[in-house]
Amino acid sequence: MENKETPFEFLKSQIVNSVREKCNSKKQVFEFYDAFKLRNESKFCSNREKNILESIDYLQKNPLQKNDYFKFVNAYFTTGKKLNEKYFRHDVIKLKSYYSKIEDAKKKGIKHNPFNRDNYESYVLFMTLKLKGGFEDSDNDLFKVEFKDNREYNPLSKIPSVLRGCLPFQVKEYDIKRAFPSFIDIELKTDFRHTIYDNISKSNFAMFLNSNCESKVTIETARKGLEPIYKDLTEQVITNVRFNEKGRAFKDFTKYEDEYIQKFVDANKLENYARLHDGIFVLQSVECENLKFDKVEFSIKESIAPKIESEIRSFYEMDENNEVTTCPTLYADFLKQENFIRISTADDKIQLLKNTNNVVDFYNHKTDIVSFLESEINEIDTGADAVRNKIARDNNNVLQQSFTLLEPNPLIYYKDTKTSFGLPFKNGFFYFDEVEKFEIKSKNYSEVNGFFAPHPIQKRAFEYTNEKGDFELFIQRISTGVKNYSDTTDEDKRTINAFHSMVGYLCHNFKNRDTTQAIILTDEGANDETRNGRRGKSLIGDAVKQVAKVLQKAGDEFRGEYIHNYADLDKSYNCYFIDDVLAGFNYNHLYTPITQGISVQPKGKNAVQIEFEDSPKFLITSNWLVRYNEEDASTNARFTEFKVKPYYNINHRPKNEFGKLFFDEWDEMEWNKFYSFIFRCVQLYLKQGLIKIKYDKTLDNYNASFGNDLTRDEMARIIDEIINVERLTAFSVSDFLKIYQKFDNPLKFDKLFHKNNTKNLIDIHLRSIPLNPFIYNTKHRKWMKD
């Protein structure tokens, strides 16, 4: 039969016309689905016609274009471009094997695409007629069935194996186990077939068996290859005749194949089946009991559609005519799949977050979403253009609707607990959750509750080590002034531990109202007259920056009652770092932010309250003295001071000792040592709390209070006059001021002393005098001799 139509086109046209004539339809246009509706009417449709109509309906609803193997391989065959494997739902290794076949064919100058729509449609129709009944002799011509060298070549033999299960019904295959080895055993009257592949691979067995005078393998090599199996019978397997005549071995053995296939069909009384080489395809419901014939045994092989191994979906659907379908739900499902999250906001505005390892990376959806979607188009040429045009049309309406379908999530940042601490690294979230049992563990970000602010730590891989790093040595030296740990005293070791607990406290983001304090780093030996910085205090703040998000302010930026001090602050910050505060800095301004929470007042916007639990810890560095009053319990509960030794200075910096800049020039090993040290510091803090160092603040208070020689000398003069000239056994603030304000005192106009500062200054001065005889009597408001 000469027909340029494909079997699909021919049968569709034939059946539609046949049904139209039988039902005597008066419709001007009688189409396929008009015939399909009548498929169950036996007077209009035979069983053959019904089966064909149902198969055509299946093909129209499940076109090959929807098959991933076809889509990906066809794109590569026609353009040389590989589609994004992220969207391939099946076995990627199998897909790559088809890519390789196309490449190998091209090298040989052959253009062959195994995934052909016409071949697939013919296969579905052929299998329908062969397995469900209705196949006629004339169909052999229609489907171009050929019989050659004892084998049948039909549509089943022209499609890739991954398409064999893509049918409107389930099928299975009975094929001969170890076919050619079984046929050789029949000839030789042997039983090598059971263990043959223990001694040789299938590919090598086939290569040696099918070698011939035109192949690169010599007869000696072929026989030697099969000799471990057949030993002295090898020459009866690879005979001179078989080797010298190309294809002779194949012909000899396919005779057995054809013979035993027929035996299998007859023994099981099969009527509806399709043959593929050494196998028989039947409907899944067909059971064959006779499976063994002499040395030939048949086995069952499932033939199912390719397994879905990935559920990754796109945001659009496309039919065979490049018509693109999108809708809000398709977009929303895709955005969820791609880890987009909608954050709930007080002003009810759309705010999207692209969640990668729980990192808060806000997405500019108004400007960037279209380009993102364009990058995820998995089509070629006109198909890709059609999707681009659809996205552009959807941008101002459909896409915006899809955002509202995303479930809103509160923006809650990760928090440590009283007994746990963790850090987000590139290779996972590392943490410990038992203080006494120090064990660093890791888990996936999907198991972590809470988000993380974007931070360089997330780009660093981590591996724990007990080895000391540069920063740990640095802390030892600035806290004790001693270079080598072996030279430290027990008191030095306690000081080192205190500094370690301070570092751990700053890096651990859990806050407790009873224990939260601001850390103040100062210089040991400061005198409130000269600045002797450059000791490395700021490097501690820089270290905390490598662990968590820190908001840093220069000392002259933070201005007391200024309501916009915290304008840049939000819940993502774990530490508020005020670096190098000015002399006379009023720490009282930090009382409420430290213990109660912080009112954030951006310019031109309403204030936002950050509650205590979400507010940052405070770190302050100063080159100046910090006053301390033992009786001021409120202040002492809010601030803890750590003094830095003058180990480093402007002429001797950490780089001089360690040979590299801290943080900027560290390698992966040094980063591992640093973060491992941080874990140990936090564990120490959680076990022992913030370890305070008891400093003698008498001289500090004196120097801080009497910041110049004039005030210091005038105080000493007046106290000396009280003790040695007036010889008073008791005196009050009024008595002191009476001497200071004498008419002949030229300093009385400088107002060095007044009713608001005199008592405190007298107390500080008297405490600095050895064997001071005066004690302040609160009842009489006087200093009285003991």
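**Reading the buried and paired parts of this structure**

Reader: Why is Cys166 called buried?

Author: In this predicted model, Cys166 has a relative accessible area of 9%. Buried means under 20%, so Cys166, at 9%, counts as buried.

Reader: What makes Cys681 count as buried or exposed?

Author: The relative accessibility of Cys681 is 1%, and since the limit for buried is under 20%, Cys681 counts as buried.

Reader: What makes Lys255 buried, exposed or partly exposed?

Author: Lys255, which lies in helix 14 (residues 248-267), has a relative accessibility of 48%. Buried is under 20% and exposed is over 50%, with partly exposed in between, and therefore Lys255 counts as partly exposed. The C-alpha atoms of Lys255 and Phe183 are separated by 9.4 Å, although these residues are 72 apart along the chain.

Reader: Why is strand 3 called mostly covered?

Author: Strand 3 (residues 171-176) has 6 residues, and 6 of the 6 are buried. Val171, Glu173 and Asp175 point one way from the strand, while Lys172, Tyr174 and Ile176 point the other way, and all of them are buried.

Reader: How do you know that strand 3 and strand 5 pair, and in which sense do they run?

Author: Pairing requires at least two bridges, and 5 bridges join strand 3 to strand 5 (residues 279-283), so the two strands pair, running antiparallel. Val171, for instance, stands opposite Leu283 in strand 5. Strand 3 also pairs with strand 7 (residues 296-303) in the antiparallel sense, over 6 bridges, and there the bridge partner of Tyr174 is Ile300.

Reader: What makes strand 18 and strand 23 stand at the edges of their sheet?

Author: The sheet is an open one of 5 strands, in the order 18-19-22-17-23, with parallel pairing. Strand 18 (550-554) and strand 23 (639-644) each have a single partner strand, so one side of each is left without a neighbour in the sheet. From one strand to the next, the twist averages 20°. Within this sheet, strand 19 (residues 575-581) and strand 22 (residues 617-622) are joined in the parallel sense by 5 bridges, and Cys575 stands opposite Lys617 in strand 22. Helix 21 (residues 537-545) lies across strands 17, 18, 19, 22 and 23, and runs at about 160° to strand 19.

Reader: How do you know on which side of helix 18 the buried residues are?

Author: The buried residues of helix 18 (residues 398-405) are Val398, Leu399, Ser402 and Phe403. They cover an arc of only 150° around the axis, which means they are on the same side of helix 18. These buried residues pack against several elements, including helix 15 (328-337), helix 16 (365-375) and helix 17 (381-394).

Reader: Which residues touch the most other members in the largest nonpolar core?

Author: Among the 80 residues of that core, they are Tyr120, Met127, Phe315, Ile369 and Leu373. Helix 6 (residues 117-132) gives the most to this core, with 8 residues. Apart from this core lies another, of 52 residues, among them Ala543, Leu619, Val644 and Ile691.

Key: Residues are numbered from 1 along each chain as its sequence is written. This is a predicted model: local features need pLDDT of at least 70, side-chain atom pairs count only at pLDDT 80 or more; totals for chains, interfaces and linings use all residues. Side-chain values use heavy atoms; hydrogens and water are left out. Buried means under 20% relative accessible area, exposed over 50%, partly exposed in between (1.4 Å probe, protein chains only). Helices (H or I, at least four residues) and strands (E, at least two) are DSSP runs, numbered from the N terminus. Axes are lines fitted to C-alpha atoms, for helices over the stretch in contact, and angles run from 0 to 180 degrees between N-to-C directions. Contact means heavy atoms within 4.5 Å. The arc is that of the directions from the helix axis to the C-beta atoms. A nonpolar core is a set of buried Ala, Val, Leu, Ile, Met, Phe, Trp, Tyr and Cys residues joined through side-chain atoms within 4.5 Å.
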